[in-house]
Amino acid sequence: MVPLSWYLIFAAALFSIGLFGVLSRRNAVAILLGVELMLNSVNINLAAFWRYGDVSQMAGQVFAIIVFAVAAAEVAVGLALVISVYRRRNTVVADEINMMKW
Amino acid sequence: MSFWNDPLKIAADWLMGIFTGWGMPEIAAQILIGFLGVFLLVALLMVLDIFLVWVERKVVARFQDRLGPNRVGPWGLIQPFADIIKLIIKEDTTPGGADKVVYNIAPMLSMMSVLILWAVVPLAPKIIGVDLNIGALYIIAAGAIGTLAIIMAGWSSNNKFALIGAFRQVAVMVSFEIPMLTMLLIPTIFAGSMGFNAIIEAQDIWYVFLAPLAAVIFLIAAIAELGRAPFDMAEGESEIVAGFNIEYSGMKFGMFYAGELLHAFTFGGFMGILFFGGYRFFGLEQVSAFLAVAVIVFKAFIGYWIIMWVKYTLMRIRIDHMLAFNWKFLTPLAFTLLMVTALMNALLAGTSPWIYTSGMFLSNVALGWIALEVARRYSRRERARVEGVVTTSRSTLVG
Amino acid sequence: MTGEQIIFLLTALFTLGSGVMVVTSRNLIHAALWLVSALFGVAVTYALLDAAFLAVVQVVVYIGAIAILFIFAVMLTRKDMRDQGPQMNTNWWFGALLSVLVFGGLFFLLQGWSGLSRTASPIPPGFDSISELGNALISPDAYVLPFEVASVLLVAALIGAVYVAFNPRSGDTRK
């Protein structure tokens, strides 16, 4: 049987990889890819805590499903924003979208 | 439990005895037996697939008043083997600027997305790969992999026609997934389970009598999901040549083609399972597991024949009409049907089967009639509007 | 080492490797495809955790919808099909340092937690996690409110995405 710590460390590593992607990619779409990895690592934790805790308490799975919904909403709005920005400014590089910067 | 009722269990026990007799540990023997089962199923499916090519060509020939393949072997039965030899010895080209790895993975994923569907298809009460209790969702998940394969093929070919074809096909597949998933939920409501074995066991009355409208919507969504005419957006020959598989040659194209045929046959089988009682046919499945397999293969062939019938009878629908049809008509209708079915199911719970069946049937027919009436009103208005525009533009031209 | 542990380690390595490729690959389409394989690894992880419903929904939602959406977005936001220029910003080393620190911090925190080496009790026989999940999602004394809020969020996101991405110039000419 796999101990709980393996799942948690695996999720922490996936979270850190996603964080690196968010912090260091230039392309806005690539930043969103990193966010997806981070959301997934959270979901692994939720599912692992459901399995290793009291199985009849469904909170872990329920909130994993709500994270799915949030991720879908986030991607839809985020990519719509990226496409809208691309249409107006002809770039998706996060550094160059700096009109609001003073 | 005799061999005729549960052949897989008997065969597995027999193999287990042999393997452990050779001094193999039990767990390794189990894995090996499982692998052999998968191998047997896939091999049978591939052989069936070869004959599906022949069936498809013969049937289309009959629809078009021709003879079809009739030179190689009796009734042209050896023709698909000649086709395969030709595909294998054909030059395997890769277009310049193609993304080689993605380009080569795409046909495999396409074939795989069809083959993994058979893991949940119950061929007989005991002959089933795995009786997942989420079987209905599993179909959609496998379809998602097929979508991915198409977009990978279209993008990596480095060809405009391929990319446009992939875009169109993916738009169609993603949108028609919604009514299809909704229609999968209707047998789920009746049976109280998403597992296919449970759905079949619960079908004392075929679900097509309970929900004829659901069966029709599922058939339409399935045809769109398969990418076959009248919804063959990916391969509109007159518009984008061969669509996403234009650059593929030899056996790689063969994998797309065989995958499509097997996919159509598989969805014929799902029609049979979800709405026509699966392997059940007047108690025939109790006699022998082999008869059950024969029944479900027969039903799958009938479903496949209906899909072919639609394909070779109707002309292609334009992409915007098709997406508008899905989003403005089919999806709202599917959601309404789901709600009406759930409501009727709650209202009629505990009544006699006759009242339940006739209530469900009548609500389905009424809903379908209302939907068609609404669509007719809409199209009349639309026609009046379009014709009005035409006359005004004509008058301005004249004036 | 049991078979389950071996499968878990292979899955975790596959997922983390794909994750690294997602954040480092120069070609954005490749990054999106690597994301698909990372998400597939996560789906296998759910299956290992006996959360079959989550595993299948992961494939349907993430691979069938989100990854496809990403591939579309990548194709729509490029002037040509090749990626030029650096894909990392100038202070990427800072991001790398921060993410290593986050991982180290999480690892350190987990070390001090007593429940870490817990093992799972076997699923009780006759326990159907899917019907339990369905009941939990719609029963008023469980999670019906978060479920409804999630659906409202989805509708809001749908409307918002259509409004933001709608191009008035290429819009419906009938109006």
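Begin by selecting B:Asn364, which is located in helix H15 (residues 353-398) of chain B; helices here are DSSP runs of H or I with at least four residues, numbered from the N terminus. The model is predicted: local features need pLDDT of at least 70, side-chain atom pairs count only at pLDDT 80 or more, and totals for chains, interfaces and linings use all residues. Residues are numbered from 1 along each chain as its sequence is written, while chains are lettered from A and ligands numbered from 1 in the order in which they are written.

Keep B:Asn364 selected. B:Asn364 is buried because 23 other C-beta atoms lie within 10 Å (buried means 20 or more such atoms within 10 Å of the residue's own, with C-beta atoms placed from the backbone). Then select B:Leu337, 27 residues from B:Asn364 in sequence and 7.4 Å from it in space, C-alpha to C-alpha.

Now display whole chains. Chains A and B have no contact between them, and their closest C-alpha atoms are 14 Å apart. Of the two pairs of chains in contact, A and C share the most contacts.

Select the interface of chains A and C: 62 residues of chain A are in contact with 71 residues of chain C. On the chain C side, colour helix H4, which contributes the largest share, 11 residues. The residues of that side comprise 53 nonpolar, 14 polar and four charged; Ala, Val, Leu, Ile, Met, Phe, Trp, Tyr, Cys and Pro count as nonpolar, Asp, Glu, Lys and Arg as charged, and the others, Gly among them, as polar.

Conventions: Contact = placed C-beta atoms within 7 Å. Helix = DSSP H or I, 4+ residues; strand = E, 2+ residues; numbered from the N terminus. Buried ≥ 20, exposed ≤ 12 C-beta atoms within 10 Å, placed from the backbone.
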